[in-house]
Amino acid sequence: MINQNSNAVNLDNPFWQFSLAVYAKPEVQTLVLAMQDQHGVNVNMVLWAAWLDKQQLRLPENQWPAVEQWIQPWVTKTEEIRSLRRYQKLLVKEFEKNDSSVSEQAKYLRARILKLELASEQFQQALLFGYTKKSVDSSTDKAHANLFDLLGNHWQLPHTYFEQARSLLI
């Protein structure tokens, strides 16, 4: 249960709204899911870096590993839910071949798992948004360097990912 005091997690925050808007673009989905599937990148952290850049806020470069470690327990649980959803997708296809009534029930279950996965992603983003309040600097001239720091320096992805992400997300 989420505590209702000042430390409560804000699920419907400006970062979440930004993410919903940019992720609705198919080219953004393609890019960030490719980074996730091919390089193990955390999509929420990519979106957070882009949102910070757009807000002209700056996370010190040396804090990216700490942020990643801090949210890792929740990321692990989200990945477990994602794996279950992907497995469920395979089951739905198998049942479609044999029994349409079971297939419909399997699709319903998969949709519920997808909602759970989305809620878990939203909670990750709420944690990152909360981190913004305590660790991000708004008085720096390098406010647009978060995405580069995360993709290029921390995860050491090819520069083309940074260029694509910057053009699509900021």
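A salt bridge is a side-chain nitrogen of Lys or Arg within 4 Å of a carboxyl oxygen of Asp or Glu. A search of the whole structure finds 6 of them. This is a predicted model, in which local features need pLDDT of at least 70, side-chain atom pairs count only at pLDDT 80 or more, and totals for chains, interfaces and linings use all residues. Residues are numbered from 1 along each chain as its sequence is written, and side-chain values use heavy atoms, with hydrogens and water left out.

## Overall build

The protein has 7 helices and 0 strands. Helices (H or I, at least four residues) and strands (E, at least two) are DSSP runs, numbered from the N terminus. Read from the N terminus, the order of elements is α-α-α-α-α-α-α. Along the principal axes, the C-alpha atoms fill a box of roughly 60 × 45 × 25 Å.

How much of the protein is buried? Buried residues are 41% of the 170 residues. Here buried means under 20% relative accessible area, exposed means over 50%, and partly exposed lies in between (1.4 Å probe, protein chains only).

A contact means heavy atoms within 4.5 Å. Among contacts with a separation of 6 or more, 78% join residues 24 or more positions apart.

Two packed helices are described by the angle between their axes and the distance between the axes. Axes are lines fitted to C-alpha atoms, for helices over the stretch in contact, and angles run from 0 to 180 degrees between N-to-C directions.

| Helix pair | Axes come within | Crossing angle |
|---|---|---|
| Helix 3 (residues 43-54) and helix 4 (residues 64-98) | 12 Å | roughly 135 degrees |
| Helix 1 (residues 14-23) and helix 5 | 9 Å | roughly 130 degrees |

Take helix 3 and helix 4. Their axes cross at roughly 135 degrees. That makes helix 3 oblique to helix 4. The angle classes are these: under 35 degrees is roughly parallel, over 145 roughly antiparallel, 65 to 115 roughly perpendicular, and the rest oblique. Helix 3 passes helix 4 in a right-handed crossing. A crossing is right-handed if the near helix is turned clockwise from the far one by less than a right angle, and left-handed if anticlockwise.

Which residues meet here? On helix 3 they are M45, W48, A49 and L52, and on helix 4 they are W64, V67, E68 and I71. This contact of helix 3 with helix 4 has 7 nonpolar residues, no polar ones and 1 charged. For these classes, Ala, Val, Leu, Ile, Met, Phe, Trp, Tyr, Cys and Pro count as nonpolar, Asp, Glu, Lys and Arg as charged, and the others, Gly among them, as polar.

Now helix 1 and helix 5. They are oblique to each other, and their crossing is right-handed. Helix 1 brings P14, F15, W16 and S19, while helix 5 brings L118, E121, Q122, Q125, L128 and F129. By class, the contact of helix 1 with helix 5 has 6 nonpolar, 3 polar and 1 charged residues.

## Salt bridges

E80 and K77 are 3 residues apart in helix 4, so about one helical turn separates them. E80 is partly exposed, at 45% relative accessible area. K77 is partly exposed, with a value of 45%.

Another salt bridge pairs R82 with E117, with the closest N and O atoms 3.0 Å apart. It links distant parts of the chain: R82 is in helix 4 and E117 in helix 5 (residues 100-135), 35 residues apart. R82 counts as buried at 11% relative accessibility. E117 counts as buried at 6%.

E117 also forms a salt bridge with R85, and the closest N and O atoms are 2.3 Å apart. E117 lies in helix 5 and R85 in helix 4, so this pair ties together parts 32 residues apart in sequence. Both E117 and R85 are buried. Salt bridges that share partners join R82, R85, E117 and E121 into one network.

Where is V41? It sits in the loop between helix 2 (26-39) and helix 3. V41 is buried, with a relative accessible area of 3%. Beyond its neighbours within four places in sequence, V41 contacts M35, Q36, V46, W155 and L157. The C-alpha atoms of V41 and W155 are 7.7 Å apart, although 114 residues separate them along the chain.

Helix 6 (residues 146-154) has N146, L147, D149, L150 and L151 as its buried residues. They pack against helix 2, helix 3, helix 4 and helix 7 (159-169). Just after helix 6, Q156 takes a positive phi of about 55 degrees.
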